[in-house]
Amino acid sequence: PPRSTLFPYTTLFRSGFEGKVEKYSALVSGNVNISPTIDSGEIKYYSIIGVDDNFIEENEFYFSDYLSEYGSEKDLWYAIRNNESLVVIDGTFGAQNNIVSTSPAPGSFSLNIGDTIKIIDKDNSIVDKKVIGILDTTIIQGIFSYNKYVDEEFNINTSSVFLFSIKQGQNVDAVSKEIESSFLENGMQTIVVKKIGRASCRERV
């Protein structure tokens, strides 16, 4: 992640990438203390991730499971934007054993849709978050909420994960290396998401 909290997209475009990058989003993230269920008193660390409007509208990740009351996967993202008590979690938490994980889950527990996660906020109070969906990926690991709520409840407002969609016809690997090289002084490291593990996000048509 970039060391600077200011990573202006205007700088990206001034660097000559405006013809290569089609879509982008910035995610804020930080560690929080969580207790997975009401019955568990054990506190563990895990990442909470605040998504922006670009991510909600444009992301291409699948869900392995979600509450049936939501008509589509897009509705899940709209729900967490409209309600601070709702969250999405990555596949690390799920019971599926075919998920490719890059790091262990935060302890030996799993979560299901409809479960409640208890998280300690910036005032050392406990807030309850209901899991409404589980992503079919562990590429970005964390508890997903809307960036406004992550800031208000946990005082986490630094963008540390940036997602770029490369325009068709461009060499994705080459553009990835160009972005990393251009922002090396910011600590930028890039990965091509669709090359990691199994196909966990939609192929573009």
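The following questions and answers walk through a predicted model of one protein chain.

Trainee: How many helices and strands does the protein chain have, and in what order do the elements run?

Mentor: The protein chain contains 5 helices and 8 strands. Read from the N terminus on, the order of its elements is α-β-β-α-β-α-β-β-β-β-α-β-α.

Trainee: What is the average pLDDT of the protein chain, and over which residues is the pLDDT below 50?

Mentor: Of the residues in the protein chain, 72% score at least 70, and the average pLDDT is 77. Where pLDDT is low, the predicted coordinates should not be read in detail.

Trainee: Which element gives the most residues to the largest nonpolar core?

Mentor: This core has 23 residues, and the members touching the most others are Val51, Trp77, Val88, Ile132, Ile140 and Phe144. Two or more residues come from each of β2 (44-51), α2 (53-58), α3 (73-82), β4 (86-89), β6 (126-135) and β7 (143-146). The element that gives the most, with 4 residues, is α3.

Trainee: Which residues is Val88 in contact with, leaving aside its neighbours within four places in sequence?

Mentor: Val88 is one of the core members that touch the most other members. With those sequence neighbours left aside, the residues in contact with Val88 are Phe63, Trp77, Ile80, Ile132, Gly133, Leu135, Gly142, Ile143 and Phe144.

Trainee: Is Gln141 buried or exposed?

Mentor: Gln141 sits in the loop between β6 and β7. Because a residue counts as buried when its relative accessible area is under 20%, and Gln141 has a value of 16%, the word for Gln141 is buried.

Trainee: What is the distance of the polar contact between the side chains of Gln141 and Thr92?

Mentor: The side chain of Gln141 has a polar atom 3.3 Å from the backbone oxygen of Thr138. As for Thr92, its side chain is joined to that of Gln141 by a polar contact of 3.4 Å.

Definitions and conventions. Residues numbered from 1 in each chain as written. Predicted model: local features only at pLDDT ≥ 70, side-chain atom pairs only at ≥ 80, totals over all residues. Heavy atoms only, no water. Core = buried A, V, L, I, M, F, W, Y, C linked by side-chain atoms within 4.5 Å. Buried < 20%, exposed > 50% of the residue type's maximum accessible area, 1.4 Å probe, protein only. Contact = heavy atoms within 4.5 Å. Polar contact = N/O pair within 3.5 Å; in protein donor to acceptor, adjacent residues only side chain to side chain. pLDDT = per-residue confidence, 0-100.
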